[in-house]
Amino acid sequence: MAPFYRERNVGESKRHNMGVAENGVSGLGSPFGELGVEFSHSELRETAYEIFVATCRPSAGKPLSWSPQYERSGEREMSLSPSPSPVSFSSTYSPASSSPLRRSLTSSAASTVKKALGLKSSKKSPYKDGSPARSSKRPTTVSELMRIQMGISEERDSQIRRALLRIAAGQIGKQIEAMVLPLEFLQQFKASDFLNPEEYEAWKVRNLKVLEAGLLLHPLVPLEKNDSAVGRLYQVLKGASVRPTETGKNSESMQALRSAVMPLVCRSLDGYPTDTCHWADGLPLNLMLYQILLEACFDSNDECALIEEVNEVLDLLKKSWLVLGINQMLHNLCFSWVLFNRFIATGQVESSLLFASENQLAEVAKNAKAIKDPSYAKILKSSLSSMLGWTDKRLLAYHDTFQADTIDLMQSTVALGISAAKILVEDISSQYHRRRREGVDVSRNRVEAYIRSSIRTAFAQKMEVVDSSRRSYVNQRNPPPPVLSVLALDVGDLVKYEKEVFSPVLKKWHPLAAGVAAATLHACYGSELQQFLSGITELTPDAVQVLKSADKLEKELVNIAVEDSVDSDDGGKGIIREMPPYEAESVVASLAKTWIKLRAESLMEWVDKNLQQEAWNPRATAEQFAPSLVEVIHMMDETVEAFFQLPIPMHQDLIPHLVSGLDQGLQHYISKAKSGCGTKSSFVPTLPALTRCTTGSKLGVFKRKEKLPMFQRKKSQVGIMNGGDSFGVSQLCIRMNTLHQICTELEILERRIISHLRNGEFTDMSVLNGKEAKFELAHASCHEGIQQLCEATAYKVVFCNLNHLLWEGLYVGEPASSRVEPLLRELQQNLELVASTVHTRVRVRALTALMKASFDGFLLVLLAGGPSRAFSHQDCQLIEEDFRLLRQLYLVDGDGLPQELIETAAIPVTNILPLFHEETEDLVKRYKRTVAQVYGSSISKITLPPTPNNWSPSDPNTVLRVLCHRNDKAAIKFLKNTYGLPKKL
């Protein structure tokens, strides 16, 4: 609901919510929330004072009279009883009354509140001087003191008291908490009670804004959507915001206002009728009003000190709790915030205020352990978060915030921050309760975060000096001095100062405060040291000096960490684990690794530049491998020899890095060598769609022409992929030989490395006998590459080079007139070419791949040859004879491949050939049976079965393909009726 009233004084519009006091001293923003109606500080102050005066009234049945200020000479007061009592004002006033409000002021005894909070007494208060001049100005009662403290004029005070007397005259015996003060005041005051109409109008607007804030925006009891009183009050306030409101008791506007207000203020949380009126006890309105009352406890002449009479004032303020809905929990929280905010607002010079706020937080912590009210939890979280945010900002960089002479202030700041954090985490956070069994220490974790953050900030500032020094040498001829040596000295001074000044304070919450600081500085310097060394390619005098300085600093840091953790549970092992040593040996090893990396990168760059020019010519070398490999092996030999000449003591430890670097270069060469050669799947033609034969057809030239365009498309794709003579059969064989030669050369290089290690003073035999000196990845890549090249060569020969004889020739038309003999003659020539070109140790793998490719091609013709091929039941004999001749080709009168290897490779074909012996009716039955076995349903309920990865007589698609190529009426009819297959593509 949008507020009707906006603050007219723009300069004060948000002064209170922004934490700005009237005297112009700035504090933090209020953590209690926004009111929604913009009150000036003076408006809230006057409202709070009215509540204070109204609630501090005589005991039950004791009358209260009002007399002008000049007659009473500061003696007029209202009495206050410990429990709610009815308002009963009489026509007389007794100066001898024992009312707390009228209690005479004395400064004889120190305040118990100040003692409890650890606060000082005011040194500037004019009331402490006993001279007559001072005594004449001294307030004689607590009420008079509160009026002065809150800045209320005597005239305004008189107006309030007159109004209360008028109210009492008409409502004798009625408790003050059963009244709605703004409503009563609106009825009692007239324009004649004010100096001018503007003041009167502003006073009315303030009271209406209080009603709006307390009943519509922040009610104690949540509003119901269908409550008619809400709508009526809304309309009354809306009307009052646009035209003046008559405030006479019997005026129509006041009657409407009262009829709308009373139903709302009489509601209760439990739904039962109540005599208490709830109009100023909703959050955050009540806390803002109560905060103003608490701020009156500070001496107006000494903003950092509480008044001497703070005990009496706080006792009186308790009388406002019922109207404001304050309880002990809210009082403790609000008072802690007021003390904290006063410290901020007064220039952050009086550390006792922080100490007092932290002491008050101890009471808040007791209450927080049993929080059930979500509204209070929200206010508590907001307040503590504001406190914690302020302390974090200073403690996360405490080297900038505090010095040796302000160490007391730092201690109070840390204590406050830890207290706030513990309440937030331990008493409010549900996540903490889930992790409590893990032993979470909030105080220790918080302080450790402060130490690490501030140490890093201080170190960064030291680095600024170093960077400035480094930049000053940019344009000079001489090289810059080793600035990290200077930084090491500065860091040593920093950790000593930390240990002497800050660690004793922080040790209260973290037993290893100095050790954490040392470990953090160790990490910070180590990071800079690594950055410095990363730019060095060889050991230089500067690098040696920096390493010496780093070693000295490291000893200082480790000693501090060890001394600080002598009494810890783990003996300091945890801190020491955070401090990996600045070992010169590891630095040297790192430089050596960089050297190895550069050599490996150089090898890879050479491969990228030169391997693309390699022609893979069979006649280039006598051994029939690529000339480029000779240069690669030469570069690797040079790298190994140069490595063992490096002046380092850890050759043995760096062998895995040397082997890994060279291994990467070789793998790059291997990848380039087989790149673009294709794979098995690159050359296999796309299978044509399934068709059925024509009864009694004689397939001849027409079908051969029909098949040709389909393969030409596939062939053109392979040509684009392979392109050029470097991918011919001979060139592919040279690539195989090259990869095989790499394996041979690697074995020689491995033996040379082992020989160097044995000739040196090495004691770890695991390197000599283990895998550290083995080029395992390169060996594996070579074997994988050889296999890929064998398959690519084989399928290129069968499906590309011999395409016209196999895919476009074998069994096209009449099977008897297009048999396998022409294919065998050409295949024989390719076998001889491959056998004569590849290395003897690669020959079996290459010929085996060629054999498997030819078997796959033969089977593909039988099962996926397209409409240009049709077989009768009688053709099974010649098909088996042709396959026998194909197998015989690889025996070569006993000089070819082993018989067992050939028979194993022929199994996929020999498993399919029996299907061509079966009658058509048996094939149909087999097909139906396999469909039922595979899919669990009849063929009428499925579409064409998918093409399998491997042909099999138990696969429905394989059996269906035999039927598609069966040239008889039964097969044709079944295919037409079942799937409606066409006769041609």
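Start at the largest pocket: select Lys680, Tyr795, Lys852, Asp856 and Asn950, which lie nearest its centre among the 26 lining residues. A pocket here is an open set of points on a 1 Å grid over the protein atoms alone, where a 1.4 Å probe fits, with protein on both sides within 12 Å along at least five of seven lines; lining residues have an atom within 4 Å of a point. You're in a predicted model, so to speak plainly: local features need pLDDT of at least 70, side-chain atom pairs need 80 or more, and totals for chains, interfaces and linings use all residues. Numbering runs from 1 along each chain as its sequence is written, and side-chain values use heavy atoms, with hydrogens and water left out.

Next, colour H28 (680-683), H32 (776-801), H34 (840-864) and H36 (899-912); each of these helices (DSSP runs of H or I, at least four residues) supplies at least two lining residues. Keep H34 on screen, as it gives the most, with eight residues. By type, the lining has 14 nonpolar, seven polar and five charged residues.

Now jump to cysteine 693. Its sulfur is 8.1 Å from the closest cysteine sulfur, in cysteine 964, too far for a bond. Across the whole structure there are zero disulfides (pairs of cysteine sulfur atoms within 2.5 Å).

Finally, zoom out. The protein chain holds 40 helices and two strands (E, at least two residues), and 52% of its 985 residues count as buried.

Note on methods: Nonpolar A, V, L, I, M, F, W, Y, C, P; charged D, E, K, R; others polar. Buried < 20%, exposed > 50% of the residue type's maximum accessible area, 1.4 Å probe, protein only.
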